[in-house]
Amino acid sequence: MNAPLVDMPEAAARRVEPGRFITFEGGEGAGKSTQARLLAAHLEQAGIRAIVTREPGGSPRAEALRSALLAGKAADLGPFGEAVLFGAARIDHIDTLIRPALAGGAWVVCDRFADSTRAYQGAAGKAKPELIAMLERIVVGPMRPDLTILLDLDPEAGLARARARGGDAAVDRFEGEQLAFHVALRSAFLEIAAKEPARVRIVDAALAPDEIADRIWTIVRDAFPAVLKQGAA
Ligand code: Z5A
């Protein structure tokens, strides 16, 4: 029998690291960074060591790639070329931060992860879905999130929030896309949630931040009942 050409990480069993991996996804200005911080604070209050990180970025090499990607320096490579660079940043982030943190028992709360590649470069950017899926299997392998919170918001409201926060600062590579791109993104995220309901939970991001945080905490407690007893914290 021929040996496989590539040792696909997806062939490995589910990851064995003791920590939990939670990601936040959604469009611009949906409140991902705000809620990632609030969830980490909640986890710490419950006695769990939590590390907040983000993508693209989260490690020095990935942050360097982030600067180039958000400045639009890779746009001419096309959506799949950009996806490959997001993937390169993700590999470094997983290898240097996410896997070691989970192995040490910490919980990792990540502001965006592979669903953003599916939505931005795949569905909205129109890179071929089978290529995006193959790239994800190679890059992420068994390091899939245990739980993903999708903060769902009308794109116009999200862009208005991001603009209000940014003031006169120049918009980045993705904020500058037309509204239709952001509408396609929202549909793409909702489609991912519909396909993977056990992993992806949708939260209405139009609510007040505290209300959203309460709903997320309920979801997290329900998802990990053995670790987070009902009523804890
Ligand atoms: N990208 C990609 O294309 N492919 C990939 O694989 C990955 C990423 C991983 C990263 O940019 C870009 O990279 C992103 C996708 C692309 N596109 N863009 N642009 P980023 O990290 O700089 O931006 P972002 O991820 O879109 O996040 P954001 O715009 O900073 O928004 P946010 O984190 O979701 O929201 P926030 O910072 O918590 O809140 C935004 C503002 O709204 C702020 O003033 C808050 O005080 C306010 N806010 C927050 N929550 C509320 C509520 N509930 N009500 C009212 N106001 C609120």
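# Pockets, ligand shell and cavities

H4, helix H5 (129-140) and helix H7 (179-195) each contribute at least two residues to the lining of the second largest pocket. The structure is a predicted model, in which local features need pLDDT of at least 70 and side-chain atom pairs count only at pLDDT 80 or more, whereas totals for chains, interfaces and linings use all residues. Residues are numbered from 1 along each chain as its sequence is written, and side-chain values use heavy atoms, with hydrogens and water left out.

**Second largest pocket**
- About 320 Å³ of space lies in the second largest pocket, and of the 14 residues lining it, Arg118, Ala123, Glu191, Ile192 and Lys195 are the closest to its centre.
- By class, eight nonpolar, one polar and five charged residues make up this lining (Ala, Val, Leu, Ile, Met, Phe, Trp, Tyr, Cys and Pro count as nonpolar, Asp, Glu, Lys and Arg as charged, the others, Gly among them, as polar).
- On a 1 Å grid over the protein atoms alone, a pocket is an open set of points with protein on both sides within 12 Å along at least five of seven lines, a cavity is a set where a 1.4 Å probe fits but cannot get out, and lining residues have an atom within 4 Å of a point.

**Largest pocket**
- The largest pocket has a volume of about 930 Å³ and a lining of 39 residues, among which Glu28, Arg112, Arg165, Asp172 and Glu175 lie nearest its centre.
- Two or more residues of this lining come from each of H1, strand S2 (50-54), H2, H3, H4 and H6, with H6 giving the largest share, six residues.
- The lining of the largest pocket comprises 14 nonpolar, 10 polar and 15 charged residues.

**Ligand shell**
- The ligand sits in the largest pocket, and the elements giving two or more residues to its shell are helix H1 (32-45), helix H2 (60-70), helix H3 (78-103), helix H4 (114-124), helix H6 (155-166) and helix H8 (209-223).
- H4 gives the most to this shell, with four residues.
- Of the 27 residues around the ligand, Glu28, Lys32, Ser33, Thr34 and Thr117 come nearest, and by class the shell has 10 nonpolar, seven polar and 10 charged residues.
- A polar side-chain atom of Ser33 lies 2.5 Å from an oxygen atom of the ligand, while polar backbone atoms of Gly29 and of Ala30 are each 3.2 Å from a ligand oxygen atom.

**Backbone geometry**
- Most residues other than glycine have a negative phi, and most peptide bonds are trans.
- Arg112, which is not a glycine, has a positive phi of about 80 degrees and lies in the loop between strand S3 (107-111) and H4.
- The peptide bond from Glu55 to Pro56 is cis, with omega near -10 degrees, and Pro56 is placed in the loop between S2 and H2.

**Cavities**
- The structure holds four cavities of 30 Å³ or more, and the largest cavity has a volume of about 130 Å³.
- Sixteen residues line the largest cavity, with Gly26, Gly27, Glu28, Leu153 and Arg186 nearest its centre, and strand S4 (147-152), H6 and H7 each give two or more residues to that lining.
- H7 gives the most to the lining of the largest cavity, with four residues.
- The second largest cavity, with a volume of about 50 Å³, is lined by Gly87, Arg90, Ala114, Thr117, Ile132, Leu135, Glu136 and Val139, and H5 gives the most to this lining, with four residues.

Note on methods: Near = heavy atom within 4 Å. Polar contact = N/O pair within 3.5 Å; in protein donor to acceptor, adjacent residues only side chain to side chain. Sits in = over half its atoms within 2 Å of the grid points. Points joined across faces, edges and corners; volume = space filled by probe spheres on them.
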